[in-house]
Amino acid sequence: MIEWIESVLALTLQVGTVYLLASLGEIYAERSGILNLGLEGIMIMGAASSFIFTLAYGHLAAITVSIIVGVLMSLILALMAVYMRLNQTVAGLALTMLGLGLSGFLASPEVRKVILLALNPSLPEKFLAIQEAPKLPEIPVPTLSEIPVIGCFFRQNALVYFSYAAAPLMWFILFKTRPGLSLRSVGENPAAADAMGVSVFKVRCVATMVSGGFAGLAGAYLFLGFQPFWQEGLTAGKGFIALSLVILSTWNPLRALLGAYLFGGVEVIQYRLQLFGLGALSPYLLAMLPYLVAIAALVAVSIGSVRKRIGAPASLGIPYSREE
Amino acid sequence: MPLKIETRLGRIRIERRIGYSKLYSISMTLFSLALAFLVISMILASLGLDTIQAFLVIFGIFVKPSLLLESVKQSIPICLAALGLSIAFKMNFWNIGAEGQIYMGMIASTGIVLLHEYYGLFHAWAVMPLMLLASFLLGGAWCLIAGALKARLGVNEILPTLMLNYVAILVVEFLVHGPWRDPKGYGFPLSTPFPKYAKLNLVLGEPAYTGLLLSTLGAAAVFFLLEYTRPGFEIKVVGQNPSVARYAGIKVRRTILLGSFLSGGLAGIGGLSIVSGIIGRLRPGASPGYGYTAIIVAALAGLNPWLVMAASIFFGGLLTAGGVLQMSMGIPKAAVQMIQAVIFLMILVGEFVKRYRIVFEKPRASAS
Amino acid sequence: MERLVELRGIVKRFPGVAANDGVDFELRCGEVHALLGENGAGKTTLVNILYGLYKPDEGEIYVRGRKVELKSPKDAISLGIGMVHQNFKLVESHTVLENIILGLKEDGLKIDFERHRGRIIKLAEKYGWRIDPGARIWQLSAGEKQQVELLKILYRGAEILILDEPTSVLTHQETRRLFEALRRMAREGKGIIFITHKLNEVMEVSDRVTVMRKGRVIITKETRETTKAELANYMIGRPVVFSQRKVSAQPGATVLKIVDLKVSGDRGYPAVNGVSLEVERGEILGIAGVSGNGQVELAEAIAGLRKPLAGRILLNGADVTGMDAGRMIEFGVAYIPPEGNKLGIVPEFRVVDNLFLKAYRYPPYSNKLLLNWGKMLEKARELVKEFGVVTPSVFSKARSLSGGNIQRLILARELSGIVGGTPRLIVATYPTKGLDVGAAEFVHDLLLRYKEMGSGIIFISEDLEELLLLSDRIAVMSGGRIRGVLTRGEADAEKIGLLMSEAAPQAG
């Protein structure tokens with residue numbers, strides 16, 4: 001039994017980390033007033049680039065490149081949403097479509113081969129056609145990883161450990177530091193921030209880039225740390241679920257930590273139910289669970305927010321311009 | 001001013017245009033399309049692909065009659081879904097769920113066919129009208145879920161409509177793997193092939209023509225709804241400003257319910273056009289993202305029903321070109337998705353150029 | 001006396017208008033300098049330029065004798081310029097402390113909350129203010145919010161203070177307290193630019209006054225060397241007759257009766273807290289009070305836009321409590337919303353659409369389903385002529401109309417009785433706010449005309465002068481309650497002011 005719990009918990013952590021990494025960055029973007037609906041597309045670009053670069057240069061390069069790719073893609077959104085004042089929903093959606101299309105194109109066997117050879121001409125032939133890459137190694141923490149049940153928290157790969165540290169750190173920056181205050185103010189009332197000499201455009205741009213970097217990292221983790229087998233559209237809406245998680249967490253990194261594991265748990269339960277006697281239920285029906293839970297979470301938050309007066313950042317989705 | 005770039009040559013300033021002509025608007029749209037193809041050719045060229053050949057294939061589609069007919073066929077679901085989206089977007093209801101609504105339309109149509117095939121509940125001539133009705137209702141209901149959540153509980157519609165896409169696709173997977181699997185289909189996840197009377201062959205026995213009739217009727221209906229009817233007026237007011245709508249005594253919630261239902265319903269009929277006109281049965285992945293393409297089409301057409309029709313045919317051609325590119329040049333099919341996305345991005349940039357003017361100012365002697 | 005600020009030949013053009021057209025202005029140490037002018041005279045544009053929010057197209061700015069270029073408020077702040085905007089620029093969901101230190105560079109990365117706390121309390125005490133740095137902005141009254149705005153700039157050691165219409169949201173008492181604080185700041189050697197369109201305030205608080213009209217400076221004078229009448233003349237460009245309009249009230253049947261009405265505000269707590277009122281046929285009931293004391297919520301409840309929590313609304317004797325806006329329109333209630341350009345029209349719609357925003361669903365303009373554009377266009381052209389809406393055609397977008405014409409459009413829609421004949425009840429909330437004198441006079445005349453035609457009118461305004469001019473009775477509202485009702489004979493500014501401040505809203 002303990003073993004079973006431990007394995008469920010370990011898997012929950014691993015799935016949850018995808019959501020956590022993606023939503024941490026998104027919280028920053030939304031706190032600054034930018035809805036990054038491109039999350040899904042950035043994540044899959046992160047996954048695709050980590051796939052290609054792992055084969056060419058190994059893990060470290062792959063993760064670095066994924067982050068860079070994420071930042072670059074979010075720059076497109078920043079340009080369109082912040083400077084061009086275009087509708088953020090549409091711009092984000094376009095970015096998601098770009099990510100889905102571009103990743104499918106670049107990682108397709110034909111094109112991938114061209115890219116891999118360009119990156120590393122000495123790459124052995126067998127790497128040119130495979131669909132998978134080496135998984136990130138687990139790094140058990142001595143002693144701690146021996147503890148029953150919760151030991152699984154300390155038998156994870158480096159990116160999971162990073163996410164443990166990132167959540168509280170992102171919380172601290174957001175609520176206790178000067179840049180965090182500026183960021184929150186810009187998202188609530190950009191005119192007020194502008195009047196006090198805070199550059200709304202710079203802050204929003206940086207926050208969007210943070211969300212892009214984290215989304216790229218989330219994609220890299222999804223592929224390298226969880227499921228190192230490439231298939232088109234492998235994010236399967238995880239970016240959108242992360243967006244719901246941001247709302248569920250009421251834009252708070254620490255609550256996102258809890259929420260991410262909750263969503264991770266839901267997904268793991270769905271796998272496990274398939275294994276356990278519930279064969280009568282089609283796996284396709286069970287697979288709906290994460291999406292339905294995400295909708296339920298949105299409904300719950302929206303009922304709760306009326307009562308508790310927690311709302312989205314007041315200027316979320318509204319372009320800012322000084323002279324209009 | 002958001003963007004004010006100081007350069008050695010002077011300042012670059014961005015100003016809102018007070019108004020612009022239709023001609024300017026159209027030429028800017030064409031300009032952004034040209035820009036999109038420039039970007040695409042750069043991507044293709046950088047990967048060592050034969051760009052000119054690829055473009056010849058893409059634009060050759062619209063010259064060869066058989067391929068043009070295929071493009072028109074592909075454009076039907078896109079057009080119907082985009083017409084639905086035009087209603088939703090006019091209402092400022094961000095329905096990103098046309099894809100799921102299309103799948104629900106397919107399910108409804110297939111359900112009617114199976115009811116007839118397995119149980120013979122109604123006459124053969126009644127099948128097509130019932131399919132139309134059922135796909136409209138089920139597609140509409142699927143969108144109505146998000147509409148009701150918004151109207152009743154104030155849940156933003158973007159994420160629910162998106163999530164329901166994935167759910168709808170899984171419903172289809174479930175059906176064709178389970179209860180609706182064709183007993184004579186060697187275990188493949190496919191439904192029974194549709195009989196003749198359940199196919200779109202009313203006009204000249206050709207789905208493309210029948211479909212064209214369907215989308216023309218759809219465009220006319222949407223145009224009429226938005227310009228000449230009370231609900232259409234209400235939808236537009238709600239889209240502009242719900243507070244003003246309430247002030248005018250418009251029942252905002254009811255309008256949202258109606259608008260979202262109509263939007264999903266049209267996408268549902270788009271689903272029908274896929275199973276009855278393009279594939280002839282239900283199978284997983286029956287839509288290669290028509291519902292997402294429809295969003296681009298609606299944006300490109302500026303929500304004008306007639307332009308939606310034209311833009312759909314263009315994108316239908318692009319989808320058709322995808323198959324040809326893969327077969328003749330070995331360019332992966334995902335290239336089409338990428339091309340669509342680049343076009344989408346450039347349309348948005350075009351919107352910006354339309355609305356704002358970029359002013360170059362001469363440098364001034366600065367004493368500070 | 002040392003010159004703090006000097007503006008020379010400032011020109012700022014917006015698409016279509018020159019908001020500032022060659023403006024010269026000067027601010028000295030230790031003076032309160034009033035900047036007087038009507039709405040749209042270019043006062044706000046001028047100070048926005050001085051604060052680095054707008055960039056002038058032409059002209060030069062000198063601060064303490066040095067020529068400067070202000071690229072953004074950041075530059076202005078570093079030169080010791082601070083501004084309190086007309087619409088408070090505060091982050092409502094944040095604390096007082098967070099708002100005050102926003103954008104400050106003196107901390108390291110981590111904010112030292114305790115140190116700031118102590119310093120803020122001390123600074124506030126210096127001006128006689130008591131403020132809790134941990135309170136959230138939305139919990140504060142308008143007067144306290146303004147203190148936070150002032151603390152924000154004083155905390156940065158500003159020497160040049162700009163206040164844009166600072167008294168428009170304050171009660172009589174709060175205004176007094178503000179003026180005392182301003183005089184004290186002037187004694188400390190700071191320079192204060194005080195923007196207003198109220199002559200009394202200019203006379204009361206300023207040392208010098210500059211009058212602007214249509215983007216130009218008309219004159220700059222020592223305040224004690226001028227008079228109200230002279231300033232009014234400069235401001236409006238023609239002699240003003242402070243006339244009394246004599247339209248006697250004809251007592252009639254009760255149109256509207258409100259009994260113990262309670263209405264919830266946006267924040268959840270009751271904004272209207274037990275109001276009882278009556279309006280008769282052909283009567284104008286003025287409602288005086290500082291804005292934000294429940295007036296808009298009261299109006300919205302009558303118009304059917306807010307469901308009352310308790311109490312009853314009777315229209316011509318029929319109970320209409322809780323009916324929606326559509327029903328109230330059919331009952332003949334016309335509602336002129338506050339900020340008409342935002343809430344009263346759809347800017348992207350054509351003039352004709354806006355004129356029929358309510359009437360489109362009634363015959364003969366439509367049947368159950370279809371709209372009759374022919375009928376609508378015909379009527380729209382008539383209305384545009386009748387109400388003098390200046391527009392190229394009824395197909396022009398409402399966005400392209402001027403503020404005064406937008407108000408005319410709204411009045412045409414509401415008062416012309418397209419739906420149910422002459423309105424029984426007109427609820428006008430701040431109908432002249434932001435309009436120039438001519439446009440405001442048009443609104444006044446129109447209300448009087450409908451009064452004569454027998455409509456009952458509720459006239460909500462902050463401007464005592466126009467309230468006294470038009471109202472048969474004046475109800476004074478504060479803190480969600482009616483503090484007293486004065487008849488035309490007994491009402492004067494003194495009494496109304498007293499009632500207004502009787503129970504000024506407190507925090508929370």
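Is Tyr430(C) buried or exposed, and how many other C-beta atoms lie within 10 Å? In this predicted model, Tyr430(C) is buried, with 21 other C-beta atoms within 10 Å. Tyr430(C) sits in the loop between strand 17 and helix 15 (437–452) of chain C. Its phi is near 40°, a positive value in a residue other than glycine.

**Other backbone exceptions**

Most residues other than glycine have a negative phi, and most peptide bonds are trans. Trp251(A) also has a positive phi, near 60°. The loop that holds Trp251(A) runs between helix 10 (238–248) and helix 11 (253–275) of chain A. Trp251(A) is buried, with 23 other C-beta atoms within 10 Å. In chain C, the peptide bond from Pro363(C) to Pro364(C) is cis, and its omega is near 5°. Pro364(C) belongs to the loop between helix 12 (351–355) and helix 13 (373–386) of chain C.

| Chain | C-alpha span | Residues counted as buried |
|---|---|---|
| Chain B | about 90 × 60 × 35 Å | 54% of 368 residues |
| Chain C | roughly 70 × 50 × 45 Å | 47% of 508 residues |

Chain B contains 13 helices and 3 strands. Its radius of gyration is 23 Å, close to the 21 Å that the globule rule gives for 368 residues, so chain B is as compact as a globular protein of that length. Of the contacts in chain B between residues at least 6 apart in sequence, 77% join residues at least 24 apart.

Chain C contains 17 helices and 20 strands. A compact globule of 508 residues would have a radius of gyration near 23 Å, and the 24 Å of chain C agrees with this. In chain C, 70% of the contacts between residues at least 6 apart in sequence join residues at least 24 apart.

**An open sheet in chain C**

Chain C has an open sheet of 4 strands in the order 2-1-4-5, with antiparallel pairing. Strand 2 (17–28) and strand 5 (66–68) of chain C stand at the edges with a single partner strand each, so one side of each is left without a neighbour in the sheet. On average, neighbouring strands of this sheet are turned by 25° against each other, direction ignored.

Strand 1 (residues 3–14) of chain C is joined to strand 2 of chain C by 9 bridges, and the two run antiparallel. In this pairing Leu7(C) stands opposite Phe25(C) of strand 2. Helix 1 (residues 43–50) of chain C packs on the sheet and touches strand 1, strand 2 and strand 4 (58–63) of chain C. The direction of helix 1 makes about 120° with that of strand 1 of chain C.

Strand 18 (residues 456–460) of chain C is mostly covered, with 5 of its 5 residues buried. In a regular strand the side chains alternate between the two faces of the sheet. Gly456(C), Ile458(C) and Ile460(C) lie on one side of strand 18 and Ile457(C) and Phe459(C) on the other, and all are buried, leaving both faces covered.

Strand 18 pairs with strand 13 (residues 284–288) of chain C in the parallel sense over 4 bridges, where Gly286(C) stands opposite Phe459(C). Strand 17 (residues 425–429) of chain C also pairs with strand 18 in the parallel sense, over 5 bridges. There Leu425(C) stands opposite Gly456(C).

**Chain A and its contacts**

Helix 4 (residues 88–106) of chain A has 19 residues and reaches 26 Å from its first C-alpha to its last, close to the 27 Å expected. Of those 19 residues, 18 are buried, so helix 4 is largely enclosed by the rest of the structure.

Between chains B and A, 41 residues of chain B are in contact with 43 residues of chain A. On the chain B side, the elements giving two or more residues are helix 5 (124–153), helix 6 (158–177), helix 11 (290–300) and helix 13 (334–355). Helix 13 of chain B gives the largest share, 12 residues. This side of chain B divides into 31 nonpolar, 7 polar and 3 charged residues.

Chain A also touches chain C, with 18 residues of chain A in contact with 20 residues of chain C. Helix 7 (178–188) and helix 8 (190–195) of chain A are the elements that give two or more residues to the chain A side. That side divides into 7 nonpolar, 5 polar and 6 charged residues.

Technical notes
Residues numbered from 1 in each chain as written. Chains lettered and ligands numbered in written order. Predicted model: local features only at pLDDT ≥ 70, side-chain atom pairs only at ≥ 80, totals over all residues. Expected span 1.5 Å × (residues − 1). Buried ≥ 20, exposed ≤ 12 C-beta atoms within 10 Å, placed from the backbone. Rg over C-alpha atoms; globule rule 2.2 N^0.38 Å. Contact = placed C-beta atoms within 7 Å. Pairing = 2+ DSSP bridges. Axes fitted to C-alpha atoms, helices over the stretch in contact; angles between N-to-C directions. Nonpolar A, V, L, I, M, F, W, Y, C, P; charged D, E, K, R; others polar.
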